[in-house]
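Dear colleague,

Please find the structure below, followed by a short account of what was found in it. I would be grateful if you could read the account with the coordinates open.

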Amino acid sequence: MTETPAPQLQRFRQEPKRRTLTVLRVTQLTPAMIRVVLGGDDLADFESLAPDDHVKLFLGAESEGTRPQMRDYTPRRFDALRRELTLDFVDHPGGPAADWARAARPGDRVGIGGPRGSAVITGPIAHWLLIGDETALPAIGRRIEEMAAGTPVTSLVAVPSEADRQGFETAAKHEARWVIRPLSEAADAAPLLTALAALELPPGTFAWIAAEAGVAKALRAALIERGMAPNWIKASGYWVHGQADASVKSLED
Ligand SMILES: Cc1cc2nc3c(=O)[nH]c(=O)nc-3n(C[C@H](O)[C@H](O)[C@H](O)COP(=O)(O)OP(=O)(O)OC[C@H]3O[C@@H](n4cnc5c(N)ncnc54)[C@H](O)[C@@H]3O)c2cc1C
């Protein structure tokens, strides 16, 4: 009997490019999520190949002699015709990026860089399992919306309130599971681990995980404990509890 080949992460690189964009619209998407739509001619050649790509947001003026702060955000949607890039920001206390999004107004200017690299996942995936916290929702939502019709996908996402759940327009066969816990407890893996334990893992499941680094690590370990092969899991720490400007892009043993 031949073994099913593992999914592949096909990596694509783009030349680093810095773009200056203008805030077009700001909306409170849900109580904990601010949506900022950016526009400008600099987006003419913008390309984002994978739903979990990220751009660097440059915050703070360089003219003051200080280097700008940089933070990672997911291109939630890109409309090439209108040259509009949508970013969704978790409204958490204390952090220049969240502060910037809360204060953003149409006409504001901001710099972005990237995406520099994309990892396109291909292979014999029979079922997708997308697990994360609110920072992963832009990547999870985009992946679900971009999936081919009928693709089986389960999402398991922790958010601070019922009102923070999001609906996605998709032709995929999507089942959404939500965990509600306060944002102040986003670094506690227990609620997501409990919900994960109740989920079936059909053969051919590929798991994509992004959350606070400790939470993502615990979720990955739980899947491996249940017999999933590490190369059927892609896990990232999108932020690190108690540390500014921190992430763990690839969680491995
Ligand atoms: C590839 C990638 C894609 C990402 N995409 C998105 C995205 O689309 N939307 C999004 O909102 N975030 C996203 N993130 C996470 C985001 O980059 C971090 O949350 C970042 O730290 C926010 O920057 P900040 O300036 O607001 O806070 P920082 O200055 O980095 O941190 C200040 C303090 O806030 C804490 N903190 C940081 N983030 C959170 C949070 N979400 N909840 C509670 N406390 C927090 C830190 O631990 C620290 O104590 C992504 C991260 C990666 C690596």
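**Findings**

Lys234 is buried, with a relative accessible area of 16% (buried means under 20%, exposed over 50% and partly exposed in between, with a 1.4 Å probe and protein chains only). This is a predicted model, in which local features need pLDDT of at least 70 and side-chain atom pairs count only at pLDDT 80 or more, while totals for chains, interfaces and linings use all residues. Residues are numbered from 1 along each chain as its sequence is written, and side-chain values use heavy atoms, with hydrogens and water left out.

Lys234 belongs to strand S14; helices (H or I, at least four residues) and strands (E, at least two) are DSSP runs numbered from the N terminus. Beyond its neighbours within four places in sequence, Lys234 is in contact (heavy atoms within 4.5 Å) with Leu9, Asp52, Ala119, Ile121, Phe206, Ala207, Trp208 and Ile209.

Two of these partners, Trp208 and Ile209, are among the residues with the most contacts inside the largest nonpolar core, which has 42 residues. Such a core is a set of buried Ala, Val, Leu, Ile, Met, Phe, Trp, Tyr and Cys residues joined through side-chain atoms within 4.5 Å. Elements that each supply at least two residues of this core include H3, H4 and S14, and the largest share, 6 residues, comes from S13. A second, separate core of 20 residues includes Leu21, Val55, Leu87 and Ala101.

The axes of helix H3 (residues 190-197) and helix H4 (residues 213-225) come within 10 Å and cross at roughly 25°; axes are lines fitted to C-alpha atoms, for helices over the stretch in contact, and angles run from 0 to 180 degrees between N-to-C directions. H3 is therefore roughly parallel to H4 (angles under 35 degrees count as roughly parallel, over 145 as roughly antiparallel, 65 to 115 as roughly perpendicular and the rest as oblique). Leu192, Leu193 and Leu196 of H3 meet Val215, Ala218, Leu219, Ala222 and Leu223 of H4 in this contact.

Some backbone features also deserve a check. Most residues other than glycine have a negative phi, and most peptide bonds are trans. A cis peptide bond joins Gly114 and Pro115, with omega about 5°; Pro115 is in the loop between strand S8 (109-113) and strand S9 (117-122). Arg83, not a glycine, has a positive phi of about 55° and is partly exposed at 31% relative accessible area. Asp245, also not a glycine, has a positive phi of about 50° and is exposed at 53%.

With kind regards
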